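Dear colleague,

Here is the structure I said I would pass on. My notes on it follow below.

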Amino acid sequence: MEAVVFVFSLLDCCALIFLSVYFIITLSDLECDYINARSCCSKLNKWVIPELIGHTIVTVLMLISLHWFIFLLNLPVATWNIYRGSSCPC
């Protein structure tokens with residue numbers, strides 16, 4: 001069970017890192033005036049909720065599998081994502 005949790009966490013973290021790079025590239029395009037603000041928001045807003053769900057699943061899996069230290073490391077980031085997702089105008 002532990003191996004499955006950590007493999008899923010690894011894959012989920014890879015997806016979250018990809019999303020972070022995508023966010024940075026899109027915001028860089030906005031800064032350079034390659035895209036306008038409306039299209040930037042429409043591109044990024046559709047990925048806020050999946051990012052929130054992915055990180056929350058990993059945090060809950062760490063809690064369920066009794067990996068307290070990793071859970072406590074993920075808790076502030078998950079809390080921030082929940083706060084950010086609740087203010088999303090999607």
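Helices here are DSSP runs of H or I with at least four residues, numbered from the N terminus. Please keep in mind that this is a predicted model.

The UniProt annotation, from an unreviewed entry, gives "transmembrane region" for residues 6-27 and 48-70. Residues 6-27 are 100% helix and 0% strand, with 31 Å between the end C-alpha atoms. For residues 48-70 the figures are 87% helix and 0% strand, and the C-alpha atoms at the ends lie 23 Å apart.

I70 lies in helix α4, and counts as partly exposed at 30% relative accessibility.

There are 2 aromatic pairs in the structure. In one, the ring centres of W68 and F71 are 6.5 Å apart and the planes stand at 85°, so the pair is edge-to-face; the cut-off for that class is over 60 degrees. W68 and F71 are separated by about one helical turn because they are 3 residues apart in helix α4. W68 is partly exposed, at 47% relative accessibility, whereas F71, at 12%, counts as buried.

W80 and Y83 form a tilted aromatic pair, with 5.4 Å from centre to centre and 40° between the planes. These two are also 3 residues apart in helix α4, so about one helical turn separates W80 from Y83. Y83 is exposed, with a relative accessible area of 55%.

Regards

Technical notes. Residues are numbered from 1 along each chain as its sequence is written. This is a predicted model: local features need pLDDT of at least 70, side-chain atom pairs count only at pLDDT 80 or more; totals for chains, interfaces and linings use all residues. Side-chain values use heavy atoms; hydrogens and water are left out. UniProt positions are given in the numbering used here, feature names are shortened, and annotations may be inferred rather than shown by experiment. Buried means under 20% relative accessible area, exposed over 50%, partly exposed in between (1.4 Å probe, protein chains only). Rings of Phe, Tyr and Trp (its six-membered ring) pair if their centres lie within 6.5 Å; planes under 30 degrees apart count as stacked, over 60 as edge-to-face and the rest as tilted.
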